[in-house]
Amino acid sequence: MTDTIAAIATPPVPSAIGILRLSGPGAIAAADGVFTPFHGGPMSTRPDRALVYGALHDRDGGVIDHCLCTVSRAPHSYTGEDAAELQCHGSPAALALGLEALFAAGARQALPGEFTRRAFLNGKLDLTGAEAVADLIHAESPAAVYQAAGQLGGALARIVDGIYDRLTDLCAHFHAVLDYPDEDIEPFEAAELSQALSRAAAELDALADTYKRGRLLNEGVPCAIVGRPNAGKSTLFNALLGRERAIVTDIPGTTRDTVEERINFGGVLLRLIDTAGLRETEDAVERLGVERSRAALEGAELILAVTDGAADVTPEDTEVLRLASRSGRPWIWVVSKRDLTGPSALWSTAPDGNAPAASISLSARTGEGLDKLEQAVAALFPQPPRSEAGSMLTNARQAEAANRARQAVRRGAEALGAGMPPDAVVADVEEALSALGELTGRTVREDVTARIFARFCVGK
């Protein structure tokens, strides 16, 4: 990392503030090349993190903005390198001219995620913290923000490092006894190993179990709206979105495919899926839509089973409720079209299988009853306590590494119980250590880091 990188760190749209970022050994010199303070000497003579007012020049020396500049010298910066930042007015054209001037002053275009990647490589962040930066950028709910901020602050790393350090101590003790038999080192006892493995297994079980909650927090809860044709599914879908996204007509079978949108509802990020009406049909295109509806229902973590409160019960309604109740997923029974019928009593015959988490009569057209639905969704997916913020696994890479560590520890415990010698057990412990090292980035392959930082935007 001997070169200096530069990028526009704000979106390419007109805004009040636009930021140019620099990092690398020539960052401060490049800032001097394009920025002239109105008072005092160049930025290379200024103290760290002091905001200085001055003029930003293009590559030919013409003034393109009056802005602020600050520098941070290594290792006291985000990346751990010399760094500079120009806080300009948010004109995309002016920022582009400023970036061209920085290139002329010796910097090159930063790659996506390259600033954070340098922070990781320079030991300013571990890998879970680097991933938290991307999670924070993409967070779509308050809970996701707190989780990412906590992980960025090291909450997940502290849990992993605690397990890692205890297993490391165990391995070190074993090897010390083995390598220095003449030294006065306390003998390595099988009971000690068994206790340590049991504790590590329990901690890794608890950690691995956080993945489902963490994934849903970041990616959203897949929520399928299902029902027979004209039950009011698309009207409900549009009402939850607050705009006309799905086509609504009186003609049964209008929706032929699944339509998906993300919303924040009751503090829960939902991946809301409007589906084709569930019924038997001879229409080949509609039949494909029904198959996709069934697939959406099977893949959902929450089901809104919609029935028409203004019509009599049909066999198709009964089948929809049966599918929802036997799905193994939480579901809510939504009786629609309250504006046409007034408050309606829900059917007295409950479907076989799991009972609905809630039964709600509402009008998607007027909005009456939507608050009850929001409360029911919030109750099904309560927000984690602030004290747990940052402690969950949030992506498949983290979960896979944690699971490999858990499996290795369990194999070691089983080998010990079967009477295997300690050195065979310690081999499993060392495999667990390797997996935990990949989780935090103590030991990680180049292709893994490349995939992680490819998710970032340019300028971060």
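**Close-up views of rings, charges and cores**

View 1. F38 is partly exposed, with 36% relative accessibility (buried is under 20% relative accessible area, exposed over 50%, partly exposed in between, with a 1.4 Å probe and protein chains only). This is a predicted model, in which local features need pLDDT of at least 70, side-chain atom pairs count only at pLDDT 80 or more, and totals for chains, interfaces and linings use all residues. Residues are numbered from 1 along each chain as its sequence is written, and side-chain values use heavy atoms, leaving out hydrogens and water. The structure holds 1 aromatic pair (ring centres of Phe, Tyr or the six-membered ring of Trp within 6.5 Å; planes under 30 degrees apart are stacked, over 60 edge-to-face, the rest tilted).

**View 2. Charges over rings.** The charged end of R21 sits over the ring of F115, 4.6 Å from its centre (NZ of Lys or CZ of Arg within 6 Å of the ring centre and within 35 degrees of the ring normal). K460 lies over the face of Y78, 4.7 Å from the ring centre.

**View 3. The largest nonpolar core.** This core has 32 residues, and L167, L197, L204, L207, L393, V409 and L436 have the most contacts inside it (buried Ala, Val, Leu, Ile, Met, Phe, Trp, Tyr and Cys joined through side-chain atoms within 4.5 Å). Leaving aside neighbours within four places in sequence, V409 is in contact (heavy atoms within 4.5 Å) with L167, L197, A200, A201, L204 and A432. Another core, of 29 residues, lies apart from it and includes C223, I263, L370 and A376.
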